[in-house]
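Trainee: I would like to learn how to read a fold. Could we take one feature at a time?

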Amino acid sequence: AELVAELARSHDAIVTVEDGCLMGGAGSAVTEALNAAGITIPVLQLGLPDEFVEHGDPVKLMSLCGLDAAGIEASIVKRFGAKPQVVRASAAG
């Protein structure tokens with residue numbers, strides 16, 4: 001939670017990307033941490049839709065869900081109008 005708050009204070013927005021469902025995922029945890037810290041900042045959460053996803057090649061499936069590099073960039077540009085500074089932080093650990 002401290003890392004999330006630190007990043008939020010030094011950036012204009014946060015984008016989370018996960019290869020799982022959005023509901024109850026890492027992006028939700030980031031949003032909850034920001035709320036608990038009283039920090040208001042735009043958060044774009046990207047992940048799998050809450051629907052059945054076909055089985056097959058993971059790279060192709062991520063692309064179809066907009067979770068490849070081009071899809072992620074397009075979502076960011078659509079939401080924010082420009083590509084923001086990229087900072088990678090992992091919740092794993």
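Trainee: Which residue just after α2 takes a positive phi?

Mentor: Gly38 does, with a phi of about 70°. Helices here are DSSP runs of H or I with at least four residues, strands are runs of E with at least two, and both are numbered from the N terminus. Before going on, note that this is a predicted model: local features need pLDDT of at least 70, side-chain atom pairs count only at pLDDT 80 or more, and totals for chains, interfaces and linings use all residues. Residues are numbered from 1 along each chain as its sequence is written, and side-chain values use heavy atoms, with hydrogens and water left out.

Trainee: How many helices and strands does the protein chain have?

Mentor: Four helices and two strands. Along the sequence they follow the pattern α-β-α-β-α-α.

Trainee: What share of the residues in the protein chain is buried?

Mentor: Start with the cut-offs. Buried means under 20% relative accessible area, exposed means over 50%, and partly exposed lies in between, using a 1.4 Å probe and protein chains only. Of the 93 residues in the protein chain, 28% are buried. The chain exposes about 6,500 Å², and carbon and sulfur atoms supply 55% of that area. Such areas come from the Shrake-Rupley method with a 1.4 Å probe; for residues, only the protein chains shown count as cover.

Trainee: How do I read the sides of a helix? Which residues of α1 are buried?

Mentor: An α-helix has 3.6 residues a turn, so residues three or four places apart point the same way. In α1, residues 2–10, the buried ones are Val4, Ala5, Leu7 and Ala8. Seen down the axis of α1, these fall within an arc of 165°, so they line one face of the helix. That arc is taken over the directions from the helix axis to the C-beta atoms. The face turned away from the buried side carries the exposed residues Glu2, Glu6, Arg9 and Ser10.

Trainee: What covers the buried residues of α1?

Mentor: The cover includes β1 (14–21) and α2 (26–36). Turn to α2 itself: Gly27, Ser28, Val30, Ala33 and Leu34 are buried there. The buried residues of α2 pack against α1, β1 and β2 (43–48). Contact means heavy atoms within 4.5 Å.

Trainee: Which residues make up the largest nonpolar core?

Mentor: The general idea is that in soluble globular proteins, nonpolar side chains tend to be buried together. A nonpolar core is a set of buried Ala, Val, Leu, Ile, Met, Phe, Trp, Tyr and Cys residues joined through side-chain atoms within 4.5 Å. The largest one here has 10 residues: Val4, Ala5, Ala8, Ile14, Val30, Ala33, Leu34, Ile39, Ile41 and Val43. The elements giving two or more residues to this core are α1 and α2. A second, separate core of six residues includes Leu44, Leu46, Leu67 and Ile76.

Trainee: Is Ile14 buried or exposed?

Mentor: Buried, at a relative accessible area of 13%. Ile14 lies in strand β1. Leave aside neighbours within four places in sequence, and its contacts are Val4, Ala8, Val30, Leu34, Ile41, Pro42, Val43 and Leu44. The C-alpha atoms of Ile14 and Val43 are 4.8 Å apart, although 29 residues separate the two along the chain.

Trainee: How many bridges join β1 to β2?

Mentor: Two strands pair if DSSP finds at least two bridges between them. Five bridges join β1 to β2, and the strands run parallel. Val15 stands opposite Leu44 in β2. Five of the six residues of β2 are buried, so this strand is largely enclosed by the rest of the structure.

Trainee: How many disulfides does the structure hold?

Mentor: A disulfide is a covalent bond between the sulfur atoms of two cysteines. The test applied is a pair of cysteine sulfur atoms within 2.5 Å. The structure holds zero disulfides. Cys21 is in none; its nearest cysteine sulfur, that of Cys65, is 9.7 Å away. Cys21 counts as partly exposed at 40% relative accessibility. Cys65 is partly exposed too, with a relative accessible area of 26%.
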